[in-house]
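Hi,

Here is the structure I promised to send over. Have a look at it first, and then read on for what I found.

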Amino acid sequence: MKFAPKNTSLFLLAYLLVSSVYAAPPAGGPPPPTPPPPPGLPINNGLVILLVLAIFLGYYSLKRQKLNLK
């Protein structure tokens, strides 16, 4: 079998052209960045009401437990 430089060079050229198409980055660029997270909610709104309700619930459950023991 003879060495054919013309056939070999054509094969290498075709291989390099095809492989560069498959190795190219995808069209359209990178995906857009994700939106920022929403801001945190303030803690102070309704904190006094929550504290009053917790005290009332504690008083109610202790009173109910005391009545059940009698």
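To start, in which helix is F11 found? F11 belongs to helix α1, which covers residues 5–23. Please keep in mind that this is a predicted model.

F11 is exposed, because its relative accessibility of 58% is over the 50% cut-off. Together with L12, Y15 and L16, F11 makes a nonpolar surface patch of about 480 Å².

Helix α2 runs over residues 47–69, 23 residues in total. From first C-alpha to last, α2 reaches 33 Å, close to the 33 Å expected at 1.5 Å a residue. None of the residues of α2 is buried, so this helix lies largely in the open.

Of its 70 residues, 0% count as buried. The accessible surface of the chain is about 7500 Å², with 74% of that belonging to carbon and sulfur atoms.

Happy viewing, and best wishes

Definitions and conventions: Residues numbered from 1 in each chain as written. Predicted model: local features only at pLDDT ≥ 70, side-chain atom pairs only at ≥ 80, totals over all residues. Heavy atoms only, no water. Buried < 20%, exposed > 50% of the residue type's maximum accessible area, 1.4 Å probe, protein only. Areas by Shrake-Rupley, 256 points an atom, 1.4 Å probe, with all protein chains shown as cover. Patch = residues over 30% accessible without salt bridge, like charges linked within 9 Å, V, L, I, M, F, W, Y side chains within 5 Å. Salt bridge = Lys/Arg side-chain N within 4 Å of Asp/Glu carboxyl O. Helix = DSSP H or I, 4+ residues; strand = E, 2+ residues; numbered from the N terminus. Expected span 1.5 Å × (residues − 1).
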